[in-house]
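Here is a short briefing to read alongside the sequence and the 3D view. Have a look at the model, then follow the topics below.

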Amino acid sequence: MPLQRPKLQAWFERPLACLPRPAALLLIAVLIGACLWSIPTTVALVDAGNRQMMAGEQERKAGTKGDLNLYRAINARMAQGEGYYTAAVSLQQIRNYPTKPFFCVRSPVLAEGVRLFGESGWRVLTITMLALSLIGLFGALARRTTWPERLLAGLMLCLCGASAFLPTVGLIHELVAGLFLSAALLLYRPNRWWPSLLLATVALAVRELALPFFLLWLVFAALERRRNECLAVAGVLVLFAIGVALHAQAVMALRLPDALVSQGWSGLVGPQAFLGAITRLTPLSTIPLGLAPPLALLPLLGWFALGGRLGWFATLWFGGFALAMALFARPENYYWAMMVLPAYMIGLAFIPRACVTLANTVRGRGHTNALASAA
């Protein structure tokens, strides 16, 4: 009985080290199989997506198609004094974009921000989020990792967060939300959680796909019996529900009775939907395509190997989002993966740690070392 708490703490701090030897061997076999499986399936999906993108490139350049051109047109009409919902709903209907269900029309936060401080203002904010993420990363990893791991983690963050410098960042909801969520994840401290909550709230206001992040946070806060934190997160969720209701009312009041209905979100593409998206949206797109899918998969193992609150939270958030994309995303929804970037790719920095830990576990040393560190 006295060992029960150290064992539980060891599982929390070093989960890979606490696996039974058969489970470790099974995990290694599954990882190898998943990496091999990911190559042909993901390559085929990425090739198809790239061909589709090239086919519509001319129309996007002409300004007649594409989401960014739609958002530019909305911003232009707002600059002339038109309200967001009037501009957004009418333009989506004119350009044959669905407005049913109501959340096919994006939140007004990004567009209102452009009206207040311009697209360049959002660019300043996203670059600031990248800088805050880097600061938070080094602080969060200071006691859990070696300096080479921190250096590599910082490099991955900067490489995969370079999109914060794009001139068009103020038009891409998922990109903005993902940078705010990454900063919220890496800046979180148990004794100073409110800055993370503020940043995550902005992400939720920009894109409702941040909702699972909050639900996971609520579970963690409840399990850790952090009452004030739990109430604050629940309060944001209540405000979000009110905002969604008002948003729905505004859209439904303006759309036509025969408005186009979305084809739905039941793509059932499989895990390659997430892996293909990560391949296309990160520097993995610059390496040979056959090498990219396994490297898009492995960060999840790296985060799990890290352990602790950060490692567990990141693993569940990223793994859950990957599962959601596998079930619900259509191939053209690959941009959803921006919601987990750039923080997701930091997990690659912890792969050497994962390999060493798994090797020790297979040799029967991992569990003893984990207990010793937890005691």
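**Aromatic pairs, helices and a few backbone details**

There are 18 aromatic pairs in all, where rings of Phe, Tyr and Trp (its six-membered ring) pair if their centres lie within 6.5 Å, and planes under 30 degrees apart count as stacked, over 60 as edge-to-face and the rest as tilted. This is a predicted model, in which local features need pLDDT of at least 70 and side-chain atom pairs count only at pLDDT 80 or more, while totals for chains, interfaces and linings use all residues. Residues are numbered from 1 along each chain as its sequence is written, and side-chain values use heavy atoms, with hydrogens and water left out.

**Aromatic rings**

- Phe220 and Phe313 make an edge-to-face pair, because their ring centres are 5.1 Å apart and their planes stand at 65°.
- This pair links distant parts of the chain, with Phe220 in helix α10 and Phe313 in helix α14, 93 residues apart; helices here are DSSP runs (H or I, at least four residues), strands are E runs of at least two, and both are numbered from the N terminus.
- Both Phe220 and Phe313 are buried, where buried means under 20% relative accessible area, exposed over 50% and partly exposed in between (1.4 Å probe, protein chains only).
- Tyr334 and Tyr335 are also edge-to-face, since their ring centres lie 6.2 Å apart with planes at 75°; Tyr335 is buried at 18% relative accessibility.
- One aromatic cluster brings together Tyr188, Phe213, Phe214, Trp217, Phe220, Phe313, Trp317 and Phe321.

**Helix α10 and its surroundings**

- Helix α10 covers residues 211-223, and its 13 residues reach 19 Å from first to last C-alpha, close to the expected 18 Å (1.5 Å times one less than the number of residues).
- Its buried residues are Phe213, Phe214, Leu216, Trp217, Phe220 and Ala221.
- These residues sit on the same side of α10 because they cover an arc of only 160° around the axis, taken from the directions from the helix axis to the C-beta atoms.
- The buried residues of α10 pack against α8 (173-187), α9 (194-206), α11 (227-254) and α14 (308-328), with contact meaning heavy atoms within 4.5 Å.

**Annotated transmembrane spans**

- An unreviewed UniProt entry lists several residue ranges as "transmembrane region", among them 24-46 and 310-328; positions follow the numbering used here, feature names are shortened, and annotations may be inferred rather than shown by experiment.
- Residues 24-46 are 100% helix and 0% strand, with end C-alpha atoms 31 Å apart.
- Residues 310-328 are likewise 100% helix and 0% strand, and their end C-alpha atoms are 27 Å apart.

**Backbone details in loops**

- Lys100 and Pro101 are joined by a cis peptide bond with omega about -5°, and Pro101 is in the loop between α5 (84-94) and α6 (109-141).
- Asn96 lies in the loop between α5 and α6, where its phi is near 60°, and the residue is exposed at 62% relative accessible area.
- Another cis peptide bond joins Leu341 and Pro342, with omega about 5°; Pro342 is in the loop between α14 and α15 (351-362).
- Arg225, in the loop between α10 and α11, has a positive phi of about 55° although it is not a glycine, and it is exposed at 77% relative accessibility.

**Cysteines**

- The whole structure has zero disulfides, a disulfide being a pair of cysteine sulfur atoms within 2.5 Å.
- The sulfur of Cys18 is too far for a bond, because the closest cysteine sulfur, in Cys355, is 18 Å away.
- For Cys35, the nearest cysteine sulfur is that of Cys355, 10.0 Å away.
- Cys18 is buried at 4% relative accessibility, and Cys35 is buried at 15%.
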